[in-house]
Amino acid sequence: MANITFSNPSYRDKTVYAVAGSHTETILSIAREYKVPIEFNCGDGECGTCVIKVTSLDEKGRMSSFLTDKEKLVLKQVGKLTAEDIEKAGVSDIPPQWRLACQFIVRDEDILVEY
Ligand code: FES
């Protein structure tokens with residue numbers, strides 16, 4: 001079970017409980033299910049509209065999470081991913097702070113999602 005707290009300066013924080021067992025549900029799909037208004041356009045990792053900042057609220061820290069080449073490219077294009085971030089994700093399994101909500105698959109961890 002994952003606890004996801006969505007936060008935006010224009011809205012009240014909202015914490016939802018997501019079943020992360022299937023490893024197929026993205027943050028964007030959970031946000032839409034709970035009527036959290038994360039902006040998005042393509043829904044397919046192409047435009048960069050759905051950039052979110054992810055912070056661990058868990059004592060064990062962030063879990064690693066796969067970044068596709070497409071997500072890396074778009075995050076680099078919008079200035080949210082550096083070569084150092086890619087190195088950390090690939091070599092040390094340290095996930096980057098910025099992700100695309102339409103690509104980030106929820107894991108079994110408690111996180112803060114700023115949008
Ligand atoms: Fe376009 Fe996520 S909605 S990259």
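## Terms and basis

A residue is called buried under 20% relative accessible area, exposed over 50%, and partly exposed in between, with a 1.4 Å probe and protein chains only. By that scale lysine 72 counts as partly exposed, because its relative accessibility is 23%.

This is a predicted model, in which local features need pLDDT of at least 70 and side-chain atom pairs count only at pLDDT 80 or more, while totals for chains, interfaces and linings use all residues. Residues are numbered from 1 along each chain as its sequence is written, and side-chain values use heavy atoms, with hydrogens and water left out.

## Strands 1 and 2

Helices (H or I, at least four residues) and strands (E, at least two) are DSSP runs, numbered from the N terminus. Two strands are taken to pair if DSSP finds at least two bridges between them. Strand 1 (residues 2–8) and strand 2 (residues 11–18) run antiparallel and are joined by six bridges. Threonine 5 has threonine 15 of strand 2 as its bridge partner.

## Nonpolar core

A nonpolar core here is a set of buried Ala, Val, Leu, Ile, Met, Phe, Trp, Tyr and Cys residues joined through side-chain atoms within 4.5 Å. The largest such core holds 27 residues, and the members that touch the most others are Ile4, Phe6, Ile27, Ile38 and Ile52. At least two residues of this core come from each of strand 1, strand 2, helix 1, strand 3, helix 2 and strand 5 (111–114). Helix 1 supplies the largest share, four residues.

Contact means heavy atoms within 4.5 Å. Setting aside residues up to four places away in sequence, phenylalanine 6 touches Asp13, Lys14, Val16, Ile27, Ile30, Ala31, Val36, Ile38, Val113 and Tyr115.

## Glutamate 71 and arginine 99

Glutamate 71 is found in helix 2. Its relative accessible area is 1%, so glutamate 71 is buried. Arginine 99 has its place in strand 4 (residues 98–100), and arginine 99 is also buried, with a relative accessible area of 0%.

A polar contact is a pair of N or O atoms within 3.5 Å; within protein, one must be able to donate a hydrogen and the other to accept it, and residues adjacent in sequence count only if both atoms are side-chain atoms. The side chains of glutamate 71 and arginine 99 make such a contact at 2.8 Å. A polar atom of the glutamate 71 side chain also lies 2.9 Å from the backbone nitrogen of leucine 100. Beyond its neighbours within four places in sequence, glutamate 71 is in contact with Phe66, Arg99, Leu100 and Gln103. Alanine 83 is twelve residues from glutamate 71 in sequence, and the two C-alpha atoms are 14 Å apart in space.

## Salt bridges

A salt bridge is a side-chain nitrogen of Lys or Arg within 4 Å of a carboxyl oxygen of Asp or Glu. Five are found in a search of the whole structure. In one of them the side chains of aspartate 44 and lysine 70 meet, N to O, at 3.5 Å. This pair links distant parts of the chain, 26 residues apart: aspartate 44 is in the loop between helix 1 and strand 3, and lysine 70 is in helix 2 (residues 69–77). Lysine 70 also forms a salt bridge with glutamate 46, whose closest N and O atoms are 3.5 Å apart. Glutamate 46 lies in the loop between helix 1 and strand 3 and lysine 70 in helix 2, so this pair ties together parts that are 24 residues apart in sequence.

The three residues involved are partly exposed: aspartate 44 at 40% relative accessibility, lysine 70 at 32% and glutamate 46 at 48%. Lysine 72 forms a salt bridge with aspartate 69, with the closest N and O atoms 3.8 Å apart. Lysine 72 and aspartate 69 are separated by about one helical turn, because they are three residues apart in helix 2. Aspartate 69 counts as exposed, at 61% relative accessibility. Through shared partners, salt bridges join Asp44, Glu46 and Lys70 into one network.

## Lysine 35

Lysine 35 is in the loop between helix 1 (27–33) and strand 3 (51–56). Although lysine 35 is not a glycine, it has a positive phi of about 60°. At 71% relative accessibility, lysine 35 counts as exposed.
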